[in-house]
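Reader: I'd like to learn how to read helix packing, salt bridges and surface patches off a model. Could you walk me through it?

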Amino acid sequence: MCPQSAALTPRKGDAEVATTGVIRARRSTIATFALVGFVFGIWTVRIPALADRLGLGEGAVGLTVFAWGTGALVCMQLSRTVLSTVGSRTVLRLAAPAVGLGVLAVSVAGSYPVLLAAVVVFGMAFGLTDIAMNAQASTVELAMGRPVMSGMHAGWSAGAVSGGLCGAGAAALELGFTPTLALAGALSVPVALVLGRDYLCDPTASEGAEPAPGGVRLPRVVYLVGALCFVAFLIEGSVADWSGLYLRDALGAGDCLAALGYPAFEVAMLAGRLVGDRASARFGARRLLVWSGIATAAAFVLVVLAESAVLVLLGFAVVGAAVCVAVPLTFSLAGSLVPQRLSGAAIAQVGALGYTGLLLGPVLIGVVAEASDLRVGLTGVGALALAMSAGALLLRSGRARDGVVRGQRGRTPGLSRGST
């Protein structure tokens, strides 16, 4: 039996030990989100330095990012079967250190073909880690009997911002791409190994768990939640990739002011996720998703109608505050809308659909902007936010996270999944 399975199935007299184990698991999982976000932030802001080191043009850089994303998406899809077989704890213990090793491989790549191979490996490790840590977060959330997923994703946001700042600091100190990423990778490996000691055994990996059916068949509601995740990630990617250009080209803002669009969005996302769990516990996941989409659409109205760059900055910040809970809620719902043995597979499927939106969304907006203008493209994103609200209304509130959490309040941690 897994050493930590008592945290999910405590015996009489073991409640205090179980509670301590769950608390440690929550802290370690938040730290894992922050660690992976930190590595991702450094990688993202140092891509220009990578281009300079290997003399890459825009096309080659685009192919590099695409190769990374393809590796991540392939592993996310394959993780459905892996997670349903061995559970998130085992996968995360192996995949999280592999992210650091992947960054190390990227940092020392001396030619473009080697770089492409390294970023595919890095992307695969990242994709598997991302799904596994969300599955572990779902296990912790259900063991605690209250929402914690937004807090987990707040850890990611904090890590990504910190990594971006460290990468920018390294650039200011004229520290090259190789030493910057090599140091980040070398430090992240031992940290990931230490964090892995406190993860919980999810029911899919515990003794006595019912084996997953052949082919890991998932109910249709998982794909509906995945579609909502697709839209949420598309919104995040659109702001990340197009906010600066919109401020500069459509509003005439200077480069410095235009560069503040994404940070304003990300800081608002972080602040919103810090209170997202309390909002989810009070209003329920389904209702919160509906209002998140409506508020996001309203914020895009401000963005596309405002004639002042300052108002547009405010609009992007409101978008971040409105959409911040959407991705955590979809992962949380994916873990609660299916039998416990399928929660990891459901989260993997939702994550794969979500990251497809993150990669394809900005490209689609670029196509629309090329045919008309960027204002029309962002208007379309606002319309998709309303579609997300409509999709959330199709979820049955009795089966969604709001029903699960409210029914669990006051129960002993670890007994929260017994009636899935």
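Author: The helices themselves are DSSP runs (H or I, at least four residues; strands are E, at least two), numbered from the N terminus. This is a predicted model, where local features need pLDDT of at least 70 and side-chain atom pairs count only at pLDDT 80 or more, while totals for chains, interfaces and linings use all residues. Residues are numbered from 1 along each chain as its sequence is written, and side-chain values use heavy atoms, with hydrogens and water left out.

Reader: Fine. At what angle do α10 and α12 cross?

Author: Roughly 30°, with the two axes coming within 7 Å. For handedness, a crossing is left-handed if the near helix is turned anticlockwise from the far one by less than a right angle, and right-handed if clockwise. Here α10 passes α12 in a right-handed crossing.

Reader: And which way does α8 run relative to α13, parallel or antiparallel?

Author: The axes of α8 (residues 220-250) and α13 (residues 326-336) come within 9 Å and cross at roughly 160°. That makes the pair roughly antiparallel, and the crossing of α8 past α13 is left-handed. Now look at α15 (residues 374-393): its axis and that of α8 come within 10 Å, crossing at roughly 160°. These two are therefore roughly antiparallel as well, and α8 passes α15 in a left-handed crossing.

Reader: Next, salt bridges. How many salt bridges are there?

Author: The rule is a side-chain nitrogen of Lys or Arg within 4 Å of a carboxyl oxygen of Asp or Glu. That gives three salt bridges. In one of them, the side chains of Arg-24 and Asp-198 meet at 3.4 Å, N to O. Arg-24 sits in α1 (residues 15-45) and Asp-198 in the loop between α7 and α8, so this pair ties together parts 174 residues apart in sequence.

Reader: Where do Glu-236 and Arg-273 lie?

Author: Glu-236 is in α8 and Arg-273 in α10, so their pairing links parts that are 37 residues apart in sequence. The closest N and O atoms of this salt bridge are 3.3 Å apart. For accessibility, buried means under 20% relative accessible area, exposed over 50%, and partly exposed in between (1.4 Å probe, protein chains only). Glu-236 and Arg-273 are both buried. Compare Arg-24, which counts as partly exposed because its relative accessibility is 37%. Then there's Asp-249 with Arg-248, whose side chains meet in a salt bridge at 3.0 Å, N to O. Asp-249 is exposed at 54%, and Arg-248 partly exposed at 39%.

Reader: Which residues form the nonpolar patch?

Author: Patches take residues with over 30% relative accessible area and no salt bridge, joining like charges within 9 Å and nonpolar side chains (Val, Leu, Ile, Met, Phe, Trp, Tyr) within 5 Å. Areas come from the Shrake-Rupley method with a 1.4 Å probe, and for residues only the protein chains shown count as cover. In this model Leu-302, Leu-311, Leu-314 and Val-318 make up a nonpolar surface patch with about 290 Å² of accessible area together. Helix α12 (residues 309-323) supplies the largest share, three residues. Leu-314, which belongs to α12, is partly exposed at 46% relative accessibility.

Reader: How about backbone angles? What is the phi of Glu-174?

Author: As background, most residues other than glycine have a negative phi. Glu-174 has a positive phi of about 60° although it is not a glycine. You'll find Glu-174 in the loop between α6 (149-172) and α7 (177-195), and at 74% relative accessible area it is exposed.

Reader: Last one: is Gly-261 buried or exposed?

Author: Buried, at 0% relative accessibility. Gly-261 is part of α10 (residues 261-283). Its C-alpha is 5.8 Å from that of Gly-244, 17 residues away in sequence. Thr-85 is exposed, at 52% relative accessible area.

Note on methods: Axes are lines fitted to C-alpha atoms, for helices over the stretch in contact, and angles run from 0 to 180 degrees between N-to-C directions. Angles under 35 degrees count as roughly parallel, over 145 as roughly antiparallel, 65 to 115 as roughly perpendicular and the rest as oblique.
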